[in-house]
Amino acid sequence: MNSSHDHVYMARAIQMARRGFYTTHPNPRVGCVIVRDGEIVGEGAHLRAGEGHAEVNALANAGDKAKGAEVYVTLEPCSHYGRTPPCSQALIDAGVKRVVSAMEDPNPEVAGKGIKLLNSAGIETVTGVMQAEAESLNPGFLKRMRTGKPFVRSKIAMSLDGRTAMASGESKWITSVDARLDVQRLRASSDAILTGIETVLKDDPSLNIRLDELPIDIPVDVPQPLRVIVDSHLRMQHNAKMLSLDGKTMVFTTSADKKLAEKLENKGASVVTVQKSNSHVALSAVLDYLAQQQINEVLVEAGSTLNGALLQAGLIDELVIYVAPKLMGDNAKGLFHLPVLAKMSESVELNITDIRSVGKDFRITATVEKP
């Protein structure tokens with residue numbers, strides 16, 4: 001089959017993968033399409049961890065028609081036993097003749113082994129078709145596998161003059177209802193939401209997905225994200241709203257006060273002690289720990305101090321900035337608390353990847369250029 005057809009069917013596989021966009025973590029989002037004699041005979045997606053992988057679901061959909069067929073999958077078929085058997089062996093057993101993968105799986109347990117297993121069974125393989133599009137499905141999984149850290153996305157609401165709160169700290173509401181509803185999508189696609197203790201003390205947020213505000217394309221059984229609090233001295237109030245929800249709160253601290261930690265743990269929180277960095281929680285250590293817990297994507301909803309510390313440490317991968325058509329003045333608070341930058345060469349470079357209107361606001365998505 002020619003390469004143009006490969007792109008057509010891979011595009012469909014990517015579309016299938018999006019069906020599990022909000023529910024597969026910590027697993028990657030994967031789609032699969034099976035084609036025989038120029039006709040799609042089977043489709044499948046991985047929908048939830050522990051359930052069938054995309055290839056297995058597509059094979060079940062195709063039945064006997066999978067024999068002698070071509071398979072298009074957005075990620076190299078796995079070759080190891082996890083919660084489910086290896087997909088590469090399932091494809092061999094089904095008698096497919098050709099497997100086209102968008103990319104090699106960076107998971108060290110796979111990393112080319114699935115392709116090798118298929119080749120050893122006489123199955124033709126092609127890798128790298130629409131790789132960039134496939135990679136965009138799984139920024140967190142890929143980064144965690146490649147670097148040992150999750151993908152960090154910071155969400156910020158600001159005025160047109162770049163302010164996030166009045167001098168008094170008042171910030172409700174800078175943006176419109178439409179923008180705040182859009183944030184629910186970000187929360188639903190994230191494994192964890194990260195904030196600082198100052199935000200908790202000031203706003204007492206729930207940091208959860210509001211199921212009654214979800215768009216209709218997001219399943220109501222979408223998992224609630226882990227709430228992560230950076231609290232160097234364990235100042236978190238024991239009656240904080242988030243502690244009454246579901247026990248999915250993790251507090252990172254440098255404090256050795258066991259009594260304070262025990263009080264939070266009795267309220268259902270997990271308290272994790274990490275090393276210090278300039279008398280504060282070492283943020284890199286926080287992300288390392290979260291990756292070890294299979295956290296792929298972290299959404300930061302914090303003030304200028306924590307955002308500034310993350311940005312200065314080179315730990316933010318992407319910014320999602322909601323811009324409201326209003327002016328808040330010189331004395332209002334800015335986006336990032338950073339040291340004085342004296343030269344233009346010291347400025348932080350961004351690469352804007354998307355700008356669109358959300359209600360009466362604008363949403364700017366930008367990646368952070370790393371030095």
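1. Asp204 is found in the loop between helix 8 (197-203) and strand 8 (226-230). In this predicted model, phi of Asp204 is near 50°, a positive value in a residue other than glycine. Most residues other than glycine have a negative phi. Is Asp204 buried, exposed or partly exposed? Its relative accessibility is 23%, so Asp204 counts as partly exposed; the cut-off for buried is under 20%.

2. A positive phi also occurs at Ser279, where the value is near 70° and the residue is again not glycine. Ser279 sits in the loop that links strand 11 (276-277) to strand 12 (280-281). A reader checking backbone angles may take Asp204 and Ser279 together.

3. Which peptide bond is cis? The bond from His25 to Pro26 is, with omega near 15°. Most peptide bonds are trans. Pro26 belongs to the loop between helix 1 (3-17) and strand 1 (31-36).

4. On cysteines: how many disulfides does the structure hold? The count is 0. Cys32 is in no disulfide, and the nearest cysteine sulfur, in Cys87, lies 8.4 Å away. Cys32 is buried, at a relative accessible area of 0%.

5. Ser189 lies in the loop between helix 7 (177-188) and strand 7 (192-196). Its relative accessible area is 7%, so Ser189 counts as buried, the cut-off being under 20%. Leaving aside residues up to four places away in sequence, Ser189 touches Phe21, Tyr22, Arg29 and Glu297.

6. Rolling a probe the size of a water molecule over the atoms shows where empty space is left. How many cavities of 30 Å³ or more are there? The count comes to 1 cavity. The largest cavity has a volume of about 60 Å³.

7. Two or more lining residues come from each of strand 6 (151-159), helix 7, strand 14 (318-324), strand 15 (350-358) and strand 16 (361-368).

8. Strand 4 (residues 98-101) and strand 5 (residues 124-127) run parallel and are joined by 4 bridges. Which residue of strand 5 is the bridge partner of Val99? The partner is Thr125. Between strand 4 and strand 5 the chain passes through helix 4 (residues 113-120), and this β-α-β crossover is right-handed. In a regular strand the side chains alternate between the two faces of the sheet.

Conventions:
Residues numbered from 1 in each chain as written. Predicted model: local features only at pLDDT ≥ 70, side-chain atom pairs only at ≥ 80, totals over all residues. Heavy atoms only, no water. Buried < 20%, exposed > 50% of the residue type's maximum accessible area, 1.4 Å probe, protein only. Contact = heavy atoms within 4.5 Å. Pairing = 2+ DSSP bridges. Right-handed = clockwise from strand over helix to strand, strands pointing away. Disulfide = S-S within 2.5 Å. 1 Å grid on protein atoms, 1.4 Å probe; cavity = no way out; pocket = protein on both sides within 12 Å on 5 of 7 lines; lining within 4 Å. Points joined across faces, edges and corners; volume = space filled by probe spheres on them.
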